[in-house]
Amino acid sequence: MNCPGCYRESKGTGYCKRCLKELFNGKRVNHVLPFNSPYNEESDLYLDLTKKISISGVQIKYPMKLYDRDLIPTATGGQYILKPIPSGPLRNLDQAPANEHLTMQIARQLFKIAVPPNALIYFSDQSPAYLVKRFDVKPDGSKYQQEDFAQIAQITEETHGKNYKYDLSYEELGELIKKHISMYPIEIEKFFRLVLFNYIFSNGDAHAKNFSMIRTDIGDYVLTPAYDLLCTRLHSPSESDMALALFKDGFSDAYNAHGFYTQHDFLLFGNTLGIKKERVTKIIDEFRKNEAGTIALIKRSLLRDDLKELYKQLYLDKVSRLNLKWG
Ligand SMILES: [Zn+2]
């Protein structure tokens, strides 16, 4: 069986040693939870939580705690977040946990993007959920100070209306990194890589709240690990390519000619962010030249077969755009 954490082949069932170590400090936690999904559970396991947890959109997230070798829902001191199948009008939502898990694993295993330890896990009724370790909780239970880019830019629903999360460009997020992060030459490259990743893997919901900064132990700020990465096209076929525009002032001639972003736009974007051209080209090339590895990982994933195919087609389509040069 493939490990439901990293897809590597492992002896027996459940998580491999490496995933157990990363996720649970080596405790042998089962990949099947000893209770049902919120849709089928008859006990009052979730009841105390539904009043306290925040509900964002259609995705309910449960804070979880490790108790000996068992993960249990908890009202306080959550070390993990559990995301069961969301409900709502979008397509293929039963595949959302596998989609998010695959996208996070591709980011990490193939594109050097820092992500928190994560895995697929199953309820007793076999329904899947996405499990991720929180990165804002210190070992002693206290929290790191963290702010998303909407907070940093001080834009809210009151100041910018209902769509405020979508009211900035990626260029402006880059400006916030330069302003607030002293080590910004390193962090700005991470940011560029992540924006490009979101484009190539059709994550159309990477808005200002899906990027955050966190305060380190020595008191400076860095970007947090990436979170909420998934191919949103599987669920929302008509969604735009990116949640935010790359540039604050309009579109390039190449964009106007093609109707979508190509290599030219990402070269411009890297330049606008102040990254050296050799570095930008190197990162773009990583995305252009990782097809075999990416397709292999999609195949090993736990997505339904027809969605593996769609995921792959969407990815190849974006890579072909990234191969388009201009002038
Ligand atoms: Zn593993």
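Domain 1 and domain 2 bury about 2,500 Å² between them, with 65% of that area on carbon and sulfur atoms; buried area here is the accessible area, taken with a 1.4 Å probe, that two parts lose on being put together, summed over both. This is a predicted model, in which local features need pLDDT of at least 70 and side-chain atom pairs count only at pLDDT 80 or more, while totals for chains, interfaces and linings use all residues. Residues are numbered from 1 along each chain as its sequence is written, and side-chain values use heavy atoms, with hydrogens and water left out.

**Domains and their contact**

- The domain assignment, which is automatic or taken from a database, gives domain 1 (17-133) and domain 2 (146-322).
- The centres of the two domains, taken over C-alpha atoms, are separated by 24 Å, and the contact (heavy atoms within 4.5 Å) takes 28 residues from domain 1 and 29 residues from domain 2.
- In domain 1, Asn99, Leu102 and Phe111 lose the most area to domain 2, together 25% of what that side buries.

- Three salt bridges are counted between domain 1 and domain 2, a salt bridge being a side-chain nitrogen of Lys or Arg within 4 Å of a carboxyl oxygen of Asp or Glu.
- Lys112 and Glu286 form a salt bridge in which the closest N and O atoms are 3.4 Å apart.

**Elements on the domain 1 side**

- The elements that give two or more residues to the side of domain 1 touching domain 2 are α3 (96-111) and β6 (118-122), where helices (H or I, at least four residues) and strands (E, at least two) are DSSP runs numbered from the N terminus.
- The largest share of that side, 13 residues, comes from α3.
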